[in-house]
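Colleague: I would like to learn how to read the contact between two chains. Could we start from the charged pairs?

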There are 2 protein chains.
Amino acid sequence: MVVQRNTWQRERVREALADARGFVSAQSLHATLRDENTGIGLATVYRALAGLAAQGDADSLQSPEGESLYRACATRGHHHHLICRSCGLAVEIEATDVEQWARATAAANGFIEAEHVVDIFGLCASCAAARASERDAD
Amino acid sequence: MVVQRNTWQRERVREALADARGFVSAQSLHATLRDENTGIGLATVYRALAGLAAQGDADSLQSPEGESLYRACATRGHHHHLICRSCGLAVEIEATDVEQWARATAAANGFIEAEHVVDIFGLCASCAAARASERDAD
DNA sequence: CGTCAAGTTGAGAACGATTATCAGTACCGC
DNA sequence: GCGGTACTGATAATCGTTCTCAACTTGACG
């Protein structure tokens, strides 16, 4: 049974995702690959990303604007992110305390099969500096 | 300057939101109001919800499926939720520790203007029980 | 290397949620 | 009641994502 084939498209998506410093949307990833030369299809990018996410090679989350963002993460397994809302830069963070708190809170209220969403959005140092100098320029 | 007018539509949306035990989507809220009799428009529901959320009378969050969900919350000000992914029931929770952790983590990584998303999704006791008896029935 | 079955691809259609448009309406202060 | 203006609602438009399906690749087998 051939479960999955290797195609250059999937490989390119994986590379592009790895090249991106932080979280990127499927749309912008597609745009990037489009620019490079490849006539890769949007649907293929979505499929590849969904596949990567499914097998744990990528993390996905919803931006506050409702887009799905993806990232190739160094840390496999459960972890959270500190994300720059300007450039998308993401820092992987552990939150052992929060995990416990989440589990305890869920249990205390009779909830089972609890999953939690814990992410921090802000401006990274670079973007903060960039914005500060923009302000100065005004 | 008339800033905002009172219309029965906005009031109905507020009521319907209050009647719902937990988070509901704009779509289902519109469906509910539609059933009641009112020929209220979908756009109006969206506008009312956005308004309520803007003035702090309602909380909004994105479901894992990408829909925007709204809820009339008893607690004004910053708080988080424990949400049943089956019936939408939501429990308001305080997470002082998590707030601090979020702030500290952001600061430690040079991030400013940090906001955090902290929500727990699970199955509430009722839904868990309901599902258990369904299982038995099979 | 050629063949073949089945997984993949890509263009575009389809879809669902949300937002914008705009003429008609209802609210509010006078 | 009047007038101005914010609001409404039907519909179109937008945007991200998924589906469809014919054409194409890949990989196993000989």
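Modeller: This is a predicted model. Between chain A and chain B the count of salt bridges is 6.

Colleague: Which side chain of chain B meets A:Arg85 in a salt bridge?

Modeller: That of B:Glu113, with an N to O distance of 3.7 Å. The cut-off is 4 Å. Polar contacts form a further list: 12 residue pairs, both at pLDDT 80 or more, are found across the interface of chain A and chain B.

Colleague: Which elements of chain A give two or more residues to the side that touches chain B?

Modeller: They are strands S4 (80–84), S5 (90–93) and S6 (112–123), along with helices H4 (96–108) and H5 (125–137). S6(A) gives the most, with 12 residues. By residue class, that side of chain A divides into 23 nonpolar, 8 polar and 7 charged.

Colleague: How does S6(A) pair with strand S6 of chain B?

Modeller: In the antiparallel sense, over 9 bridges. As one case, A:His116 has B:Ile120 as its bridge partner in S6(B).

Colleague: And how is the size of an interface often given?

Modeller: As the accessible area lost when the parts come together. Here chain A and chain B bury about 2900 Å² between them, and 64% of that lies on carbon and sulfur atoms. On the side of chain A, the residues that lose the most area to chain B are A:Trp101, A:Phe111 and A:Ile120, together 23% of what that side buries.

Colleague: How many residues of each chain are in contact?

Modeller: 38 residues of chain A with 38 residues of chain B.

Terms used: Residues are numbered from 1 along each chain as its sequence is written. Chains are lettered from A and ligands numbered from 1 in the order in which they are written. This is a predicted model: local features need pLDDT of at least 70, side-chain atom pairs count only at pLDDT 80 or more; totals for chains, interfaces and linings use all residues. Side-chain values use heavy atoms; hydrogens and water are left out. Contact means heavy atoms within 4.5 Å. Buried area is the accessible area (1.4 Å probe) that two parts lose on being put together, summed over both. A polar contact is a pair of N or O atoms within 3.5 Å; within protein, one must be able to donate a hydrogen and the other to accept it, and residues adjacent in sequence count only if both atoms are side-chain atoms. Helices (H or I, at least four residues) and strands (E, at least two) are DSSP runs, numbered from the N terminus. Ala, Val, Leu, Ile, Met, Phe, Trp, Tyr, Cys and Pro count as nonpolar, Asp, Glu, Lys and Arg as charged, and the others, Gly among them, as polar. Two strands pair if DSSP finds at least two bridges between them.
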